[in-house]
Amino acid sequence: MTLYGGQGDPARTMALLWRAHSPAATQATRPRNAPGPKQGLTLDAIIEAAIAVADTDGMDRLSMRAVGERLGTSPMALYTYVPRKRELVDLMYDHAHAGWPQAPETGDRRTAVLAWAAHLWDRYLRHPWLLQVSYARPVLGPHEQAVLESLLAILDGTSPQHLRAAVSALFHLVRGAAQTATEGRAAAGATGTSDEQWWTERSALLARLAPDFAQRFPHSTGLAGAPSGTGGYDPVSQARHALDGGLRLLLDGLLDG
């Protein structure tokens, strides 16, 4: 299930994201007059509860009712703070990127980029539903922007003609590896078949049904025999190993080329 940011009311969503202080934004972020807002209920509490629901049950189980139940209140109380689920998804996505570390003050850009990528990887694996929110339309919130700003600070001084491509490649490399890791981690539970069983059964069938596989696809066979850097059938370790290797190749070209 792919979700797109910015599906809610633009003015209200952006005002909620930025907690703006202009008169119009203050009006947009102020709880609406509705019966019985729960004492102590706040916008941040709602967002954090929604993130907890998505972390535990997945985005397909996220609803205003589920968030209300987690907070011990009714969905109607939430609507005084957040108009709809559409706006809530944007707020969740941005808030899940909160607390991003500042770029280290070091001349070692390679180490800094690797640390940045590790932080993003960890964030995705902690909140796998983030990977369901499309990159096609950014949320444009302050925390999401801080992630980009941190990378740009590290890469400051990079040739402008290479900077945009490098930033896009880094984001997509981390996101793609994390997507593979989270899907692999969920595969056994979703299908009822372990990775080891899946590969063992199909490898045996392939050897029987296509005995000339190695002759027909020699390069693929060579790749299958190349060292993976990981043991067993752990999809998270395999994806992380691939990410680390891809980062090294990219940074060799960007920083040393």
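Among contacts in the protein between residues at least 6 apart in sequence, what percentage join residues at least 24 apart? The share is 76%, where contact means heavy atoms within 4.5 Å.

**Before you zoom in.** This is a predicted model, in which local features need pLDDT of at least 70 and side-chain atom pairs count only at pLDDT 80 or more, while totals for chains, interfaces and linings use all residues. Residues are numbered from 1 along each chain as its sequence is written, and side-chain values use heavy atoms, with hydrogens and water left out.

Figure 1. Helices (H or I, at least four residues) and strands (E, at least two) are DSSP runs, numbered from the N terminus. Following the sequence, you will read the pattern α-α-α-α-α-α-α-α-α-α-α-α-α. The C-alpha trace spans about 70 × 50 × 25 Å along its principal axes. Of the 257 residues, 36% count as buried; buried means under 20% relative accessible area, exposed over 50%, and partly exposed in between, with a 1.4 Å probe and protein chains only.

**Figure 2. Helix H9 (residues 160-191) packed with helix H13 (residues 235-256).** Two packed helices are described by the angle between their axes and the distance between the axes. Here the angle is about 170° and the axes lie 8 Å apart. Axes are lines fitted to C-alpha atoms, for helices over the stretch in contact, and angles run from 0 to 180 degrees between N-to-C directions. H9 and H13 are therefore roughly antiparallel to each other; angles under 35 degrees count as roughly parallel, over 145 as roughly antiparallel, 65 to 115 as roughly perpendicular and the rest as oblique. On the H9 side, look for residues including His162, Leu170, Leu173, Val174 and Arg185, and on the H13 side for residues including Val236, Leu243, Leu247 and Leu250. The residues of this contact divide into 14 nonpolar, 4 polar and 1 charged. In this sorting, Ala, Val, Leu, Ile, Met, Phe, Trp, Tyr, Cys and Pro count as nonpolar, Asp, Glu, Lys and Arg as charged, and the others, Gly among them, as polar.

**Figure 3. Helix H13 and its cover.** With 22 residues, H13 reaches 31 Å from its first C-alpha to its last, close to the 32 Å expected at 1.5 Å a residue. That expected span is 1.5 Å times one less than the number of residues. Among the buried residues of H13 are Pro235, Ala239, Gly245, Gly246, Leu251 and Leu254. What covers the buried residues includes H7, H9 and helix H10 (195-209).

**Figure 4. Helix H3 (residues 43-57) crossing helix H4 (residues 64-71).** The two axes come within 9 Å and cross at roughly 110°, so H3 and H4 are roughly perpendicular to each other. Ala45, Ile46, Ala49, Ala50, Ala52 and Val53 in H3 meet Ala66, Val67, Arg70 and Leu71 in H4. By class, this contact has 9 nonpolar, no polar and 1 charged residues. The buried residues of H3, among them Leu43, Ile47 and Ile51, pack against helix H1 (10-18), H4, helix H5 (75-79) and helix H6 (85-95). Just after H3, Gly58 takes a positive phi of about 90°.

**Figure 5. Inside the largest nonpolar core, with its 59 residues.** A nonpolar core is a set of buried Ala, Val, Leu, Ile, Met, Phe, Trp, Tyr and Cys residues joined through side-chain atoms within 4.5 Å. Val67, Leu88, Met92, Trp116 and Trp121 touch the most other members. Leaving aside neighbours within four places in sequence, Met92 is in contact with Ile47, Ala50, Ile51, Ala54, Met59, Leu62 and Trp129.

**Figure 6. Tyr93 in helix H6.** Tyr93 counts as buried, at 2% relative accessibility. Neighbours within four places in sequence aside, Tyr93 is in contact with Trp129, Leu130, Val133, Tyr135, Val139, Glu144 and Arg175.

**Figure 7. Two loop residues, Leu140 and Tyr81.** Leu140 sits in the loop between helix H7 (109-126) and helix H8 (142-154). Phi of Leu140 is near 65°, a positive value in a residue other than glycine, and at 43% relative accessibility Leu140 counts as partly exposed. Tyr81, in the loop between H5 and H6, is buried, with a relative accessible area of 11%.
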